[in-house]
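Q: Please take me through this chain, one classification at a time. I want the criterion beside each value.

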Amino acid sequence: QVQLAEFGGGLVQVGGSLTLSCNASGRSTYGLGWFRQAPGKEREYVAAIDWTGRRTYYSDSVKGRFTISRDNAKDMLYLQMSSLKPGDTAVYYCVTGDTSAHIISHRIDYWGQGTQVTVSS
């Protein structure tokens with residue numbers, strides 16, 4: 001059974017940094033990623049990583065500021081966020097799909113429960 005559990009969200013000031021973590025267990029080779037949803041908006045793709053961890057992909061809105069990584073030995077996924085902006089305020093979801101390409105195209109198999117990130121100005 002696939003289980004995704006995010007943690008590490010919180011309140012941070014503009015320009016600050018925050019790292020999200022996700023315990024992703026119950027599946028072998030697969031893609032992992034992050035989505036987010038701001039109040040009143042649709043869920044938005046943020047980043048994806050292939051099962052080896054060697055290939056990473058980012059939305060234009062976070063490229064250069066966020067870094068996705070994974071540790072398969074620990075069943076962990078991470079999202080390092082820096083230079084945070086008020087527009088990054090959202091609930092962040094850990095997701096899994098067959099491949100990173102599936103995740104980028106919103107073909108998601110499982111979602112975590114989400115963790116709130118609030119960037120204050």
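**Val2 and the criteria behind the fold**

A: Start with Val2. Leaving out residues up to four places away in sequence, Val2 touches Ser25, Gly26, Arg27, Thr96 and Tyr110. Contact here means heavy atoms within 4.5 Å. The model is predicted: local features need pLDDT of at least 70, side-chain atom pairs count only at pLDDT 80 or more, and totals for chains, interfaces and linings use all residues. Residues are numbered from 1 along each chain as its sequence is written, and side-chain values use heavy atoms, with hydrogens and water left out.

Q: Why is Val2 called buried?
A: Buried means under 20% relative accessible area, exposed over 50%, and partly exposed in between (1.4 Å probe, protein chains only). Val2 has 16% relative accessibility, so Val2 counts as buried.

Q: Where does Val2 lie relative to β1?
A: Val2 is in the segment before β1 (3–7). Its C-alpha atom is separated by 17 Å from that of Ile49, which is 47 residues away along the chain.

Q: How do you know that the radius of gyration agrees with a compact globule?
A: The radius is taken over C-alpha atoms, and the globule rule is 2.2 Å times the number of residues to the power 0.38. For 121 residues, a compact globule would come near 14 Å; the chain has 13 Å, so the value agrees. The C-alpha trace spans about 40 × 25 × 25 Å along its principal axes.

Q: How many residues are in the largest nonpolar core, and which touch the most other members?
A: A nonpolar core is a set of buried Ala, Val, Leu, Ile, Met, Phe, Trp, Tyr and Cys residues joined through side-chain atoms within 4.5 Å. The largest has 27 residues; Trp34, Leu79, Met81 and Tyr92 touch the most other members. Elements giving two or more residues include β4 (31–37), β8 (76–81) and β9 (90–97). β3 gives the most, with four residues. A second, separate core has seven residues, among them Phe35 and Val95.

Q: What share of the whole chain counts as buried?
A: Of the 121 residues, 45%.

Q: What share of the contacts joins residues at least 24 apart?
A: Among contacts between residues at least 6 apart in sequence, 58% do.
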